[in-house]
Amino acid sequence: MKPTADTGAKQGLSGRRAFLGLAAAGAGGLLLAPGVHLMEVAQAAAPGTAAPGANPKVRWGLLIDTTKCASGCTDCVQACNTENGLSGGTRPTDAQWIRKVELKSIKTGRSASLPVMCQHCAEPPCVDVCPTGASFKRADGIVLVDRHSCIGCRYCVMACPYQARSFVHEPLADQKPEVPRGKGCVEGCTLCVHRIDKGGAPACVEACERAGHHAMLFGDLNDPNSAIAKRVREVATMQLRADLRLDPGVRYQGLT
Amino acid sequence: MKTLRRRDPARRALAWLLLVGAACGGAAVAQPTAASRVPVPVIEKARGEACVAEPAFMRLNHMDLLKHRRDETVHRGVRDPRSSLKGCIECHASSATGSVAAAPTDFCASCHSYAAVKLDCFECHASKPKASAALPAGHPAVTRVAGTK
């Protein structure tokens, strides 16, 4: 399939570029935090033509401030369900694109509440394992499922360390016009790609903002002037399971 | 696999032969109407001024246009509202059912059942246009209207 070949070639190219950039950075004696050098190299090396659609210079990301995320608050989850037409059920067979997770340190007793959704990895394992190319990463870093070519094998569900993918077990009706969903396909958080393409922000972020929590920040990690890039530069943030070196686009503040 | 099945070359050739034959036949082959004994699909008149292409072209090529658009949109994020499935539905939704595929007489369902071509777009895609009237409570537009009253 042609689009798959194209995507594969691009990913291969960007991977090589990132490696070469990393090698150059190493040779120059630059010591940067993990993840930071990759972004800056990608930004410097990206070819500059403003084509319509997903911009390869952009890396969409989320920053979640767990110190402002209240235990028991599910505003973001509800907004996601409403926006994408999910049932809101929490049975193992219900699709959940975003979940609230409670973490508690056994040693200190400190607990934190945080939403976990698709982490939109730079090196997504779901894309690696997909046998049909249905699971793919868009040029702007959003990891999506192309339901037209998804065969519902659920390899990606197994591969995702964040358990961010759901399988639709039963026929659906009354889907949202912007969010096609159907039985037999795997799906997950799209970062509200239909809103982003119109210049908007994900529904969860908007809901969190509207309710006055200000715990979620959405933006372009590659743009040094964006609010999210500034915050990531200023405060200590972390990626979940950073040891897996998947370089997620979702970052958390106040966890450690 | 959820795909619109691409017609094979033999069927395409046959379709062209039939088309050319009909064109050469000229006046001899009368266009079948609802009044004649030949059953024809019921085509409900669409809203909007004109389709994105000539009806004759759309009849033959709508599936290719849709398939092209879907890859452009899903993989590359190119969204042209004029030539999207959502755009089609906005004009062609039935005034009775509000859908293009709910009743057998609705725009898509009518032709597809006539031609015996399975229509699986609407297992995932909404067959109705977005209900613009139903704004959720707390939506900025709703609160603004309530405040001005």
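Modeller: From the N terminus on, chain B runs α-α-α-α-α. This is a predicted model, where local features need pLDDT of at least 70, side-chain atom pairs count only at pLDDT 80 or more, and totals for chains, interfaces and linings use all residues. Residues are numbered from 1 along each chain as its sequence is written, and chains are lettered from A and ligands numbered from 1 in the order in which they are written.

Colleague: How many helices and strands in chain B?
Modeller: Five helices and zero strands. Helices (H or I, at least four residues) and strands (E, at least two) are DSSP runs, numbered from the N terminus.

Colleague: Switching topic. B:Ile89, buried or exposed?
Modeller: B:Ile89 is buried, because 24 other C-beta atoms lie within 10 Å. The cut-offs: buried at 20 or more other C-beta atoms within 10 Å, exposed at 12 or fewer, partly exposed in between, with C-beta atoms placed from the backbone.

Colleague: Where does B:Ile89 lie, and what is B:Ile89 in contact with?
Modeller: B:Ile89 lies in helix α3 (residues 85-92) of chain B. Leaving aside neighbours within four places in sequence, B:Ile89 is in contact with B:Val100, B:Ser127 and B:Pro129.

Colleague: What share of chain B is buried?
Modeller: 18% of its 149 residues.

Note on methods: Contact = placed C-beta atoms within 7 Å.
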